[in-house]
Amino acid sequence: MAKRSAPEVNAGSMADIAFLLLIFFLVTTDIATDSGLSRKLPPWEPDAEQEKVQIKEKNIFALTLNSNNQILLTSAGDSEVIAIKDLRARAFEFLDNGGGQGEDACKRCKGNRDPKSSDNLKKAVISLANDRLTDYKTYITVQNEIIAAYNDIRNREFKKDYPKLEMNFVEATEMYQDPVTDVKVKESLKEKLEAIKEVVPQLFSEAEAKRD
Amino acid sequence: MSKFKKKKDGGLPPISTASLPDIVFMLLFFFMVATVIKEDNLKIQNQLPKANQIEKLDKKKPISYIYIGKPSANYIDTYGTEDRIQLNDKLQSVEQVQAFIAAERAALAEELVPTLTVSLKVDRDAKMGVLTDVKQELRKTNALKINYTTKKGDAVSN
C-alpha cells in the first residue's frame with residue numbers, strides 16, 4: 001500500500017470566517033468624506049468695536065436668500081430674483097467687470113467695463129445674507145457657485161501668469177496639498193498660489209442671519 | 001479494474017467552492033482599505049449635500065466634527081423633529097459648542113491648536129438657523145477655520 005499523504009485541511013469554513021469579518025467591517029466603517037468647502041469665519045468682535053468700512057455700492061454684489069430658497073441679487077443699483085444656475089455667470093461677470101478709472105483701473109479684467117458695476121478685482125465684494133429658514137443645501141449651492149466664480153478667474157489668471165506649468169489654479173492647489181508632491185515643488189507652487197490669491201482676493205462677507 | 005470504477009456516470013460534478021474564501025477576502029481587504037472606522041455613532045440624519053469646488057481636508061491637521069440634522073427615526077420620540085447638534089456621541093445644545101471646542105483643543109499638542117479645523121457635517125435638509133448659531137459660537141471661541149463637508153457632485157442639482 002502506498003504511503004498516505006497528510007490529510008487535507010477542511011477549508012470549507014474559511015468562507016464563513018471571511019464573511020463574518022467582511023460583515024463586521026461593513027457595519028463598523030464608513031466611506032470617508034473628508035472634503036468640502038473650506039471657509040474662514042471672521043473673528044468675533046463685540047458690536048461696539050466694529051469699524052464701519054465704507055464700500056461703494058457699485059462694488060457690492062449682495063445676495064439675499066429668503067426662507068423659500070429664492071435668491072435676491074442687488075448689484076449695480078438693481079434688485080432682481082435670479083435662478084441658481086445663473087449665479088456663477090453673474091458673479092463672474094461682476095468680479096471681472098473692471099469699470100474703474102484712473103488708479104482704480106483693472107488691467108486684468110476682461111469684462112464689460114460697465115461703470116455701474118465693480119471697479120476692479122481687489123475692490124469687488126460679494127456679500128451673502130441668509131434667513132434662518134433657508135435650506136442648508138441651497139446655502140451650500142450658493143457658496144459653491146461663488147467659490148466657482150472666484151476659481152474661474154483665478155484659473156484664468158494662473159494660466160496667464162504661469163503658462164509653462166500647464167495647469168490651472170485648482171489643479172495647482174490640489175498638487176500643493178498632495179502629500180506626495182516634492183517639497184521643492186511645493187515651495188515654488190506656494191509662491192505662485194499666494195501671488196494669484198493676492199491678485200484675485202476672495203472678498204466675501206456674510207451677514208448674520210435675520211429673524212431671531 | 002473495478003477498483004477505479006466511477007460510482008456514477010451521470011449527474012453534474014459539484015461546483016468547487018474552494019475559491020470562495022479568496023473572493024470574500026478580496027472584498028474584505030477592499031472594504032478595509034477604502035473605509036475608515038466610524039468616528040461617531042450618529043443619532044441624527046446626515047445626508048451631506050453635493051458641491052464641486054471642494055478641497056480635501058488635510059488629515060495631518062486636527063479635525064473636529066460637528067453634526068447637524070433632524071434626529072433620526074429612533075430618536076424622534078426623545079428629541080423631537082427640530083434640527084439638533086451632535087457633538088461626539090450626544091445631542092447637545094448650542095451653548096455646549098464652546099465647551100466642546102475647548103475640550104478638543106485641550107486634547108491637542110499646543111502647536112497644533114491654531115490649525116484645528118472644524119468640519120461641519122450638516123444634513124442637506126437642515127435649516128440655516130442652527131448652523132448660524134453654531135458659527136457664532138465658533139467665532140466667539142476663535143475656531144475660525146471651518147469646512148462645510150460635502151460630497152462631490154453637481155451643486156446646482158442639490
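This is a predicted model: local features need pLDDT of at least 70, side-chain atom pairs count only at pLDDT 80 or more; totals for chains, interfaces and linings use all residues.
B:Val118 has B:Ile146 as its bridge partner in β8(B).

- Seven strands make up an open sheet with mixed pairing, in the order β3(B)-β2(A)-β8(B)-β7(B)-β4(B)-β5(B)-β6(B).
- The edges are held by β3 (55–56) and β6 (90–92) of chain B; each has a single partner strand, so one side of each goes without a neighbour in the sheet.
- The opening pair belongs here: B:Ile146 in β8(B) is the bridge partner of B:Val118.

**Where A meets B**

- Chain A puts 48 residues into the contact, and chain B puts in 54.
- On the chain A side, the elements that give two or more residues are α1 (14–28), β1 (29–31), β2 (35–40), α2 (84–95) and α3 (136–161).
- The top contributor on that side is α3(A), with eleven residues.
- Sorted by class, the side of chain A that touches chain B has 24 nonpolar, 13 polar and eleven charged residues.

**The largest nonpolar core**

- This core counts 52 residues, and the ones that touch the most other members are A:Ala91, B:Ile66, B:Ile68 and B:Leu131.
- α3(A) supplies the largest share of the core, ten residues.
- B:Ile68 is worth a click: leaving out residues up to four places away in sequence, B:Ile68 touches B:Asp83, B:Ile85, B:Val122, B:Asp123, B:Ala126, B:Val130, B:Leu131 and B:Val134.
- Among those neighbours is B:Leu131, itself one of the residues that touch the most other core members.

**Chain A and its own sheet**

- Chain A has five helices and seven strands, laid out from the N terminus on as α-β-β-β-β-β-α-β-α-α-α-β.
- With a radius of gyration of 26 Å, well over the 17 Å that the globule rule gives for 212 residues, chain A is more spread out than a compact globule.
- Taken along the principal axes, the C-alpha atoms of chain A fill a box of roughly 105 × 50 × 35 Å.
- Of its 212 residues, 27% count as buried.
- Among chain A contacts with a separation of 6 or more, 53% come from residues 24 or more positions apart.
- There's an open five-stranded sheet here too, ordered β5-β4-β3-β6-β7 (chain A), again with mixed pairing.
- β5 (78–82) and β7 (204–206) of chain A are the edge strands, each pairing on one side only.
- On average, neighbouring strands of this sheet are turned by 20° against each other, direction ignored.
- β3 (residues 60–65) and β4 (residues 71–75) of chain A run antiparallel and are joined by four bridges; one pair to find is A:Thr64 and its partner in β4(A), A:Leu72.
- α3(A) packs on this sheet, touching β3, β4, β6 (125–130) and β7 of chain A, and its direction makes about 165° with that of β3(A).

**Chain B overall**

- Chain B comes with four helices and nine strands, in the sequence pattern α-β-β-β-β-α-β-β-α-β-α-β-β.
- Chain B, too, is more spread out than a compact globule, because its radius of gyration is 25 Å, well over the 15 Å that the globule rule gives for 158 residues.
- Its C-alpha trace spans about 90 × 40 × 35 Å along the principal axes.
- Buried residues account for 29% of the 158 in chain B.
- For contacts in chain B with a separation of 6 or more, residues 24 or more positions apart account for 79%.

How values were computed: Residues are numbered from 1 along each chain as its sequence is written. Chains are lettered from A and ligands numbered from 1 in the order in which they are written. Two residues are in contact if their C-beta atoms, placed from the backbone, lie within 7 Å. Ala, Val, Leu, Ile, Met, Phe, Trp, Tyr, Cys and Pro count as nonpolar, Asp, Glu, Lys and Arg as charged, and the others, Gly among them, as polar. The radius of gyration is taken over C-alpha atoms; the globule rule is 2.2 Å times the number of residues to the power 0.38. A residue is buried if 20 or more other C-beta atoms lie within 10 Å of its own, exposed if 12 or fewer, and partly exposed in between; C-beta atoms are placed from the backbone. A nonpolar core is a set of buried Ala, Val, Leu, Ile, Met, Phe, Trp, Tyr and Cys residues joined through C-beta atoms within 7 Å. Two strands pair if DSSP finds at least two bridges between them. Axes are lines fitted to C-alpha atoms, for helices over the stretch in contact, and angles run from 0 to 180 degrees between N-to-C directions.
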